[in-house]
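Here's a quick briefing for anyone meeting this structure for the first time. Have a look at it, then read on for the notes.

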Amino acid sequence: MNEINASRRLKEAALEKAEGDKVLVVKSAEAEAESKYLSGVGVSRQRKAIVDGLRDSISHFSGNVKGTSPKDIVDLLLITQYFDMLKEVGGKHNCTVVFIPEEE
């Protein structure tokens, strides 16, 4: 009889352990999903701030420099970002980059 009770308790313990493991897996997956969601929200806010900043820069620049169009300012900002990227990539050690010229 003792063996039957011991066997039953071991079986119940195994079921409880399995349920505990299941809860850990589910909570871990929920935490990862929430983390990814919040990361996406952060990226979205960052992009919105960048766009808002660009809009303000374009508006301010075109108001202060006569004869410039918003397209001229966007072109200037893009070429500036391009040069910043080249500087960043070129400053890395052990970095090999091949730039292929664009054909028109």
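Lys 48, Asp 52 and Arg 55 are tied together in a network of salt bridges (a salt bridge being a side-chain nitrogen of Lys or Arg within 4 Å of a carboxyl oxygen of Asp or Glu). By that rule, the count comes to six salt bridges. Keep in mind that this is a predicted model, where local features need pLDDT of at least 70, side-chain atom pairs count only at pLDDT 80 or more, and totals for chains, interfaces and linings use all residues. Residues are numbered from 1 along each chain as its sequence is written, and side-chain values use heavy atoms, with hydrogens and water left out.

**Salt bridges**

- Side chains of opposite charge can pair when their charged atoms come close.
- Asp 52 and Arg 55 are separated by about one helical turn, because they sit three residues apart in helix α1 (helices are DSSP runs of H or I, at least four residues, numbered from the N terminus).
- Arg 55 is partly exposed, at 49% relative accessibility (buried is under 20% relative accessible area, exposed over 50%, partly exposed in between, with a 1.4 Å probe and protein chains only).
- Also in helix α1, Lys 17 and Asp 21 are four residues apart, about one turn, and their closest N and O atoms are 3.2 Å apart in a salt bridge.
- Lys 17 is exposed at 54%, while Asp 21 is partly exposed at 36%.
- Over in helix α2, Lys 71 and Asp 75 lie four residues apart and meet in a salt bridge at 3.0 Å, N to O.
- Lys 71 is exposed at 56%, and Asp 75 is partly exposed at 35%.

**How the helices cross**

- The axes of helix α1 (residues 2-64) and α2 come within 10 Å and cross at roughly 125° (axes are lines fitted to C-alpha atoms, for helices over the stretch in contact, with angles from 0 to 180 degrees between N-to-C directions).
- That angle makes α1 oblique to α2, since angles under 35 degrees count as roughly parallel, over 145 as roughly antiparallel, 65 to 115 as roughly perpendicular and the rest as oblique.

**Segment after α2**

- Val 97 is found in the segment after α2.
- With 39% relative accessibility, Val 97 counts as partly exposed.

Methods: Helix = DSSP H or I, 4+ residues; strand = E, 2+ residues; numbered from the N terminus.
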